[in-house]
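Here is a friendly note to read alongside the structure.

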Amino acid sequence: MDLGLTGKVAIVGGGSDGLGFAIADRLLSEGAFVTIFARRAEKIAAAAEKLAGKYGEEQVLGLAADCSVAADIDQVTASTLERFGPAVHVLVTNDGGPPIRRISELTDDVWLQAFARHFFYVVRSVRATLPHMTAEGGSILNVVSGVVRRQAVGMAAPATVWSAVIGYAQTLALEVGPHNINVNTLMSGYFDTPLIERTLERQPELSKARLGSGLPMRRIGEPLEFADLVGALVSPHLRFVTGAVVPVDGGAGIGMGASFDSPPASE
């Protein structure tokens, strides 16, 4: 199916690897022009080179930028417009996650950094791109973690910050809908990304197989499975879908798949 993204301009955060890289790959495969950015210059350069080798240098722009710095976000938008033209049609906010710590360990500085990197990043990205989206319409999609709906010890910062992102995004959907702009949020589960690799390094008792075994699908996801849904939701064909908060987690949000046999009728 042609998603109608040929010639559209997209900005994808956290594009050096993982879900961000897969999303950029998917949008490029549909003919979009894509800017990817991340903090580490060498990693984003390598990612951009890999994508350019696949789709052409004219389709890809890689930028080193810190999503917690307002000036960097403004520069990403300015560089995108300079390279690809006067409009931005797709904005995908995506960047790791707030620190995993118990509440007693969350100082004011940790909270402020978490909001700067993951909430104000969204706010600033929207502020920078929205004026260049209203003329033609477009899509804004935010990537958060499913822990926002499945709280766990150590996840106070992620659950709180991403809850704020969801509230902001749904209110934004109300405001920008008349401009033919939709706003949606995807809650990711376990995917085979460098983020999972780093988690497993910290917790050697875990494994990909063990993480996946408790899910209804009995496996963790592949990044391109996530990216396929992103491609559909930012397509002009699905513009009527807005304000949605969708789990992409192999069914983790509906239960862990345990079964209980019925007792004999005599009981």
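1. Let us begin with Arg219, which counts as partly exposed at 37% relative accessibility. Please keep in mind that this is a predicted model. Which residue does the side chain of Arg219 meet in a salt bridge? The partner is Glu225, with 2.8 Å from N to O. Glu225 is partly exposed as well, at 36% relative accessibility.

2. A word on the wider picture of charged pairs. Side chains of opposite charge can pair when their charged atoms come close. With a cut-off of 4 Å between a side-chain nitrogen of Lys or Arg and a carboxyl oxygen of Asp or Glu, the count comes to 10 salt bridges.

3. Arg150 and Asp249 are joined by a salt bridge between their side chains, at 3.4 Å from N to O. Where do the two residues sit? Arg150 belongs to the loop between strand E5 (138–145) and helix H6 (156–176), while Asp249 belongs to the segment after strand E7 (245–248), so the pair ties together parts that are 99 residues apart in sequence. Are the two partners buried or exposed? Arg150 is partly exposed, its relative accessible area being 32%. Asp249, in contrast, is buried, with a value of 9%; the reason for that label is that buried means under 20% relative accessible area.

4. Asp192 and Lys208 form another salt bridge through their side chains, with an N to O distance of 2.7 Å. Asp192 is found in the loop between strand E6 (181–188) and helix H7 (194–202), and Lys208 in helix H8 (residues 208–213), so this pair ties together parts that are 16 residues apart in sequence. Asp192 is partly exposed at 28% relative accessibility, and Lys208 is partly exposed at 28% too.

5. Some charged residues are linked beyond a simple pair. Arg26, Glu30 and Asp228 are connected in a network of salt bridges.

6. Two packed helices are described by the angle between their axes and the distance between the axes. For helix H1 (residues 18–29) and helix H2 (residues 41–55), the axes come within 11 Å and cross at roughly 20°. Angles under 35 degrees count as roughly parallel, which makes H1 roughly parallel to H2. Their crossing is right-handed. On the H1 side the contact is made by Phe21, Ala24, Asp25, Leu28 and Ser29, and on the H2 side by Ala47, Lys50, Leu51, Lys54 and Tyr55. These contact residues comprise six nonpolar, one polar and three charged.

7. Now compare helix H4 (residues 108–118) with helix H5 (residues 120–129): they pack at an angle of about 30°, and their axes are 3 Å apart. H4 is therefore roughly parallel to H5. Which residues make the contact? H4 supplies Phe115, Ala116, Arg117 and His118, and H5 supplies Phe120, Tyr121, Val122 and Arg124. By type, the contact of H4 with H5 has five nonpolar residues, one polar and two charged.

8. Finally, stay with helix H5, where Ser125 lies. Is Ser125 buried or exposed? Ser125 is buried, with a relative accessible area of 4%. Leaving aside residues up to four places away in sequence, Ser125 touches Ile73, Leu91 and Thr93.

Key
Residues numbered from 1 in each chain as written. Predicted model: local features only at pLDDT ≥ 70, side-chain atom pairs only at ≥ 80, totals over all residues. Heavy atoms only, no water. Axes fitted to C-alpha atoms, helices over the stretch in contact; angles between N-to-C directions. Helix = DSSP H or I, 4+ residues; strand = E, 2+ residues; numbered from the N terminus. Parallel < 35°, antiparallel > 145°, perpendicular 65-115°, else oblique. Contact = heavy atoms within 4.5 Å. Nonpolar A, V, L, I, M, F, W, Y, C, P; charged D, E, K, R; others polar. Buried < 20%, exposed > 50% of the residue type's maximum accessible area, 1.4 Å probe, protein only. Left-handed = near helix turned anticlockwise from the far one by under 90°.
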